[in-house]
Amino acid sequence: MFYRKLPTFLNPDTAGGCVAEAVGDRRARMETEPVDARRVALRRVAFAALVLGTVAALTALLGASFATGGISWAEALMMACFLLTLPWTAIGFWNAVIGLALMRLSRDPVAAVCPIAPGDPRQASPASTAILSCIRNEDVDEVSQRLDAMAADIDRAGRAPGFTLYVLSDTNDEEIAAREAHVFAALAERWADRMPVVYRRRADNPGFKAGNIRDFLERWGAAHDYAIVLDADSFLSARTMLDLVARMDANPRLGILQTLVVGSPTVSAFARVFQFGMRLGMRSYTLGSAWWQGDCGPYWGHNAIWRVKPFTEHCELPVLPGRGPLSGWVLSHDQVEAVLMRRAGHEVRVLPVETESFEENPPNLLEFIRRELRWCQGNLQYLKLLRLAGLKPVSRVQLVLAILMFVSAPAWLTFMATGAVIVALGGAELIRFEEVTGFTLFVIVLTMIFAPKIASFLDILADPKQRRAFGGAPRIAASWFVELVFAALMAPVIAVAVSLFIAGLPFGKAIGWGAQIRDNRTLPLTLCAAKLWPQTLFGLAGFAWAAAFAPGLVWPLLPVILGPALAIPFARLTSGETAGRLALASRLWRLPEETAPPECLLPLRLPAHASLGVRFGQPAPLFAGEMAKAEA
């Protein structure tokens, strides 16, 4: 083993044993093939037909948009680029359509796409569950506050003995490390008589987060049956964690179960708008994707539970051969671990329902771009993993789609640039565009891109309970519209950043694995200009091109060039406390957790709750009401 062993505050060997025969009879019943295997196979065929048919139809419509007389080399290049952008667009559209149909027409949408036994979270589990908090150079007090609140929530449910909390640090800042040692020693002492707490810091960090977890598995994994994985900004209520454990107990074939993560109430203006859109988009998208992915579902690397033994045996990641940014340790480890778990015969599923599973979103545009580029580099590493032996066909497709998700950005820019350059150079005969069919194609694609958000918006408006939770129909409609504009402005900004990053990969450009900025600071104007000048140049060039060569196209081009042209002031104005106060005062982009804050979040005393006048009281014992009703 190449990891250096470091001392801990507590020996976890006293945490409890593993599940032995307590669920043996249930295992025997569940070892057969999933009952929905044939149904999901048919769904996948139907979904593939819908996606391929849509891609073919849109490509044909683009071909029809080019006037008769044959396809020139420029038109052929544009069609090839357009084709690369279509898979994610078509998949997102059909996921949204299927998700909306399930939300409105199915009696139990979750059971329709995730047919696993629910278990009973009120019953004590024989399993030992590790809670893994993976951190690196984080705000120690904030992490400790979240973990303390989660431990207290589990303790109120009377289930603390079944859990062990591990704080797995990869911190390389000595000052922060010293603070960690002090704070987490105090946390371990506070919970010593109820829940074991272990703090471990690696002197170096081979394998990044995956290596951090691998070190846990080699040292302590044999002591536990399940592991709930957290990021530094994660928060799961005891109700959610106990539900995950109960589902794992009831479904021995289940290897990974991913929750649907939602954004925590925040005072960041950028994050408030962004996570409102994510909240709407992910609801229909995840439900629709679970309909056809079935037991080959996603794993996002946090706010999920997995079975320790098969994860240890089958999910160790390879070190990618070669040199350069796409070699070495795997950055985007989660989806690779998911396909390896499925290859081993265990199900990987997502629970497509909003539970009390939270995360924090990037507080400003620059931090959001940094996260996207880290994911981009990690996903492009999958090019070296496509030939892994024994993968399920759906798993291999998922890796390809993860690559295309970022390749589509430079393909889209090449599509735009090719047309602009040909026209500017006077090669009008190379691109003969029919305006009516071209505009029709533009409207169709734009509608498909926003389909997940449109679908969830319609579902919320049709449900009185959801309407109240999100603040009422007028507020929802205004929030939804402004967020669509926000997303339209931001999309080309991100596309330019991703395209430049990919262009730099062959020359050794890479993004480091460092701590994320989570506080709501105001971005300096000079920093915004230094980071976003390429986007600004792109946007201004677009306006100049339209003015010089195609004045009539200024309005259709606005969704593409306006956001980049305004990127610098946009980043500045959506960051900081002033923007946050204005966003809160507007009462837009309100979340259900702000309308009726769940008790599990009250101990965190979130600034967003304080700004909204929420009273912080002591949460009631978990399940007390349910148990009293049951006894009556």
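## The second largest cavity

Ser133, Val143, Arg146, Leu147, Met150, Leu230, Asp231, Ala232 and Ser234 line the second largest cavity of this predicted model. On a 1 Å grid over the protein atoms alone, a cavity is a set of points where a 1.4 Å probe fits but cannot get out, and lining residues have an atom within 4 Å of a point. The space in this cavity is about 30 Å³; a volume is the space filled by probe spheres set on the points, with grid points joined across faces, edges and corners.

Helix α5 (residues 140-156) gives the largest share of the lining, four residues. Helices (H or I, at least four residues) and strands (E, at least two) are DSSP runs, numbered from the N terminus. By class, five of the lining residues are nonpolar, two polar and two charged. Here Ala, Val, Leu, Ile, Met, Phe, Trp, Tyr, Cys and Pro count as nonpolar, Asp, Glu, Lys and Arg as charged, and the others, Gly among them, as polar.

## The largest cavity

The whole structure has two cavities of 30 Å³ or more. The largest holds about 40 Å³ of space. Its lining consists of Asp233, Glu360, Asn361, Pro362, Pro363, Glu367, Gln516, Ile517 and Arg518, of which three are nonpolar, two polar and four charged.

## The second largest pocket

A pocket is an open set of grid points with protein on both sides within 12 Å along at least five of seven lines. The second largest pocket contains about 740 Å³ of space. It is lined by 26 residues, and Arg283, Val353, Glu354, Thr355 and Gln466 are the closest to its centre.

Strand β8 gives the most to this lining, six residues. Among the other elements that supply at least two residues each are α3 (73-105) and α9 (269-293). The lining of this pocket has 13 nonpolar, three polar and ten charged residues.

## Nonpolar cores

In soluble globular proteins, nonpolar side chains tend to be buried together. A nonpolar core is a set of buried Ala, Val, Leu, Ile, Met, Phe, Trp, Tyr and Cys residues joined through side-chain atoms within 4.5 Å. Buried means under 20% relative accessible area, exposed over 50%, partly exposed in between (1.4 Å probe, protein chains only). The largest core has 82 residues, of which Leu147 and Phe184 touch the most other members. Helix α3 provides the largest share of this core, eleven residues. A second, separate core of 80 residues includes Cys134, Ala338, Val498 and Ile511.

Leu147 also belongs to the lining of the second largest cavity. Beyond its neighbours within four places in sequence, Leu147 is in contact (heavy atoms within 4.5 Å) with Ser133, Leu165, Val167, Phe184, Leu187 and Leu230.

## Aromatic pairs

There are 18 aromatic pairs in the structure. Rings of Phe, Tyr and Trp (its six-membered ring) pair if their centres lie within 6.5 Å; planes under 30 degrees apart count as stacked, over 60 as edge-to-face and the rest as tilted. Phe276 and Phe470 form an edge-to-face pair, with 6.3 Å centre to centre and 85° between the planes. Phe276 is in helix α9 and Phe470 in the loop between α16 and α17 (473-504), 194 residues apart. Both Phe276 and Phe470 are buried.

## Basis of the values

Residues are numbered from 1 along each chain as its sequence is written, and side-chain values use heavy atoms, with hydrogens and water left out. In this predicted model, local features need pLDDT of at least 70 and side-chain atom pairs count only at pLDDT 80 or more, while totals for chains, interfaces and linings use all residues.
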